[in-house]
Structures are given as C-alpha cells and as structure tokens.
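Subject: The structure we talked about

Hi,

Here is the structure I promised to pass on. Have a look at it first, then read my notes below.

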Amino acid sequence: MATPLQRPAGNPVDSPAAHSPTGCPIDDSAGNATDIATGSPTGGPTGNPVAAPAAPGAWPVLGHTPVLMRRPLEFVTSLTAHGDVVRIRLGRLPAYAVTHPALVRHVLVDGARDFSRGRLFDKASAFLGEGLAATSGALHRSQRRVIQPAFSRQRIAACVPVMRHVAQSIVSGWVPGRTVAVDHAMNDYSLAVVTRTLLPDSLESRSGEAFQQALPVLTRGMMVRMILPEWWARLPTPGNRRFEQARRTMAELVAEAVAAQRAGRAGMLSVLLAPQEGPAEGEHRLTARQFQDHVTSIAMAGVETTGASLAWFFHELGRHPELEARVHAEVDTVLVGRPPRHEDLPRLEFTTRVILETLRRYAPWLITRRARSPVRLGAVTVPAGAEILYSPYALHHDARWHPDPYRFDPDRWLPDRCRDLPRGAFLPFGAGAHKCIGDAFALTEMTVAAAVICRHWRLRPAPGVRVRAVARAEIHPDALPMVAERR
C-alpha cells in the first residue's frame, strides 16, 4: 500500500486515492530529504562517523530475537530512545534499525539505489519468486511498468460497483443483536474483492476458504524466518510443516487463477496477458512464472492488509461513539440514502481521516533493506551487506511527529494540523520505488466498505472482550467479536 495523494479541496478527482486530506507532507515524491535534527542531507556526512549505539537487552547467541518474538511492538517503539540509527542483533547477525523519518526516507527514496530489499524479502521470495513484492533494482522497475496499468484510475473506478456489491453481500447475513466476527468478515470482504476484481472469478468458496487459511500462516512464517536463523526453517517442527503446506496450497490456488485468466475470464490483471507489441528497449516481458508470482504477491498484499485495517476501523468506531456519530452523519449527508459511487468518495472527508488514523495506529511493524555498499546514514556509516530495519509502526507512534501517539484522533489529519509533518513520518504504504502498487485500490476499497456498512449498521464492542494486537507482517486483532445493531 502507499500514501494518499494530495489535492486542493474541491478539485476534480484525479486519482482513486485523491480523496484524502490536503496539505500534509505524506506523499513520496522525489526530493532531497533533510535531516531534521542537523539540517544536513541525510545521506551525506554530518561530521566524523560514529558507531551506532547498541540496543539493550540482547541475549548471548540469540541477540534480540527473544524480545522480537515476544514483544515486537514494544521493542521497535523503544529503539527511538537510543538514537537515529541503532544496532541490534538477529541471532549473530548484526542489523541497523533506522528510527528517524528523514533517514528512513533517504533509504526508501533519495538513496534507494544504494539498497536492495533485504532479509525479509529474501525470505518472502521462497513463495513470491520474482513477484513485485520481492524484487529489487532494474527487474523491479521494469516489472512495475508492466503492472502499473492494471491499477489505473479508470480500472479502479470500474471496480467500485464490485466492491459495493461485495460489502452489501457481507452484511446481508447480519442479524441485529447477534455477534459478528468482524475480523473474519473484513477478511472475507477483502478476499472477495481481490478474487472478483484483480483475479478472474475462479476461487470458489472452498478454494477461497483455503486461501484465507493459508494467508496468516504464510505471513507469520515469513516474519519468523526473518528473525530466526537459517537452520531453524529446515527443522520438521509443526510450524514449519504448516508453513510448507500453506505454501503448496497458495501455489495451487494461484495456478488455478492464472489458468482461468489465460482462458479468457476477465480480471484487472488481464491487462498483463493482453497481446502486446514487442517490448521497447529496457522494458521487460513477463514470463508465465513471473505472472504467477505477481498474482501471488498482489493477492497476499490485497487481502490481509486491507482486511486487518478495516477490522481496526470498526474497532475504533466502536470504542469512540462520538467519532462513529460523525462518520454516520457524513455518510448520510453525502450519500443521501443511496449506495456509494466512485465520485462520492472525495466528499467523505472525515471518513477518510478515520481511515488514515487507522493506518497510522496499525501500520506494518518491521520492514527490511540491505546496503549494497558502505552507506552514511547521519552520523553512522553502515557497512556493505548490512541489514537495515525500519518500523512504520514505530515512526507512527513517535511523539515527536505524532503528539499523543496512542490517542485515536482522526482530526490530526486536518490540513492545518498535519502540514508540518516531516516526510518519512507517515508510511502506511511505503515510499519510493517500492511503494505498494495497490495503494489507491486499497484506499478506495476501504472507503467503499466503510460507507456501505455505516449506512445501515453500527458495531458495538462485545461485552467482556479485550482485543489484542498481534504482529504478523501487519498488525492484526487476535479476535474482534462485535455486536451488530441496525441504525
């Protein structure tokens, strides 16, 4: 996913993501980032290099792996107190956590050519192959050019009726006063949207259920493999066996979808299989395996992330009735009793701010890069081959950039309050060349679901239930039962 686009209020919509607050420096356009603390370019010298301070709490041999496994969110948010670049250990492997937004932006945007995707994506390549989410450099750039037309404004706008229909189908079985597993319902929604828009209509209910079951096993397994040593993944543990089974299941389901796509059943990704002229110099033609890898990447990114974000959206509305009332009033005013259309989305301004605040509070917790050569980051020089870690979750909970960061406050995204937010401090979808290609699609999908559901329903927290955040690739609720009430 990626950051919303900026536009003056009242202007025509020029992208599906354009219905976001304005004046906030949360885009990822090119430009020279500046180190806020020193006023010096983030990638250039700031005096004699110094050693990165080490994070406390490392175990002998295991390093910081135990705390990363047990308390990941507390650990990544604690690193800011130790410096802008902090040395940690993944077992015996040294790594550098970058905690300052200007330095993170340098890694992702201004100095991006000095970095490859890193350890997390190496592990993901075991089942993503050469998909867009796992490649770097020239191959990534050429593949992204091929795939980008599938996510054009016109194609996403054409998906809004499907998104609306799926959301209406999800709530059609709700009974007032009954408990709904909202996390499951939102995953069902995002899975159905992916299979009915991006992919051909080939994943029937049985296959869809298998897909849904495989996703959390793969995302959790990918993060565990990033943290633990290489030999661990080869052990015949129950978790490793589940991971291998999930990988085989995913491969079979995607192969089925690709076969259906090639048989002529339409989907957004059919643009990748349309007859093409020979590639221009420097362009890349997708092989059959690469197409399958891209389908896997996009399907995985398009289900778990959006489903979790929508679940948290309704969790926060349930916890804050005053915010829920504002969303309901806006939906009633804008839609005037009818289902949402694409042209309505820019007018759902407060609803969009609630979505942005949800993305801030529940962002990805750890992402990697790898230095291709020795690189200066502020006062620290990291060696070639070093693993670089950054945490959107930690950046989003840093009180220097987001005052009172654990308070859910959608109005922090009003233009006059967020326009001074430094670039790199809000990264729900990444930035630079590897920014999520489906950012506009995801924002549109979430806004449509919010509007459809909030027209007729409110969701109340289930009595006596404490909702806990679980860190996989994304931050998920461990379970989210809520009581459905008719408005």
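One term before we start: a residue counts as buried under 20% relative accessible area and as exposed over 50%, with partly exposed in between. Val61 has a relative accessible area of 48%, so it falls in the partly exposed class. You'll find Val61 in the segment before helix H1 (65-70). Together with Trp59 and Leu62, Val61 makes a nonpolar surface patch of about 280 Å². Keep in mind that this is a predicted model.

Now the overall picture. The chain has 15 helices and 12 strands, and 57% of its 487 residues count as buried. If you take the contacts between residues at least 6 apart in sequence, 76% of them join residues at least 24 apart. The accessible surface is about 19,800 Å², and 53% of that belongs to carbon and sulfur atoms.

- Glu316 and Arg319 meet at 2.8 Å, N to O. Both lie in helix H10 (residues 288-319), 3 residues apart, which is about one turn of the helix. Glu316 is buried at 0% relative accessible area, while Arg319 is partly exposed at 46%.
- Asp411 and Arg326 meet at 2.9 Å, N to O. This pair links distant parts of the chain, 85 residues apart: Asp411 is in the loop between helix H13 (392-396) and helix H14 (415-418), and Arg326 is in helix H11 (residues 321-335). Asp411 is buried at 15%; Arg326 is partly exposed at 35%.
- Arg400 and Asp398 meet at 2.8 Å, N to O. Arg400 is partly exposed at 43%, and Asp398 is buried at 8%.

Finally, look for Glu324, Arg458, Arg460 and Glu485, which are linked in a network of salt bridges.

Cheers

Key: Residues are numbered from 1 along each chain as its sequence is written. This is a predicted model: local features need pLDDT of at least 70, side-chain atom pairs count only at pLDDT 80 or more; totals for chains, interfaces and linings use all residues. Side-chain values use heavy atoms; hydrogens and water are left out. Helices (H or I, at least four residues) and strands (E, at least two) are DSSP runs, numbered from the N terminus. Buried means under 20% relative accessible area, exposed over 50%, partly exposed in between (1.4 Å probe, protein chains only). Contact means heavy atoms within 4.5 Å. Accessible areas come from the Shrake-Rupley method with a 1.4 Å probe; for residues, only the protein chains shown count as cover. Patches are made of residues with over 30% relative accessible area and no salt bridge: like charges are joined within 9 Å, nonpolar side chains (Val, Leu, Ile, Met, Phe, Trp, Tyr) within 5 Å. A salt bridge is a side-chain nitrogen of Lys or Arg within 4 Å of a carboxyl oxygen of Asp or Glu.
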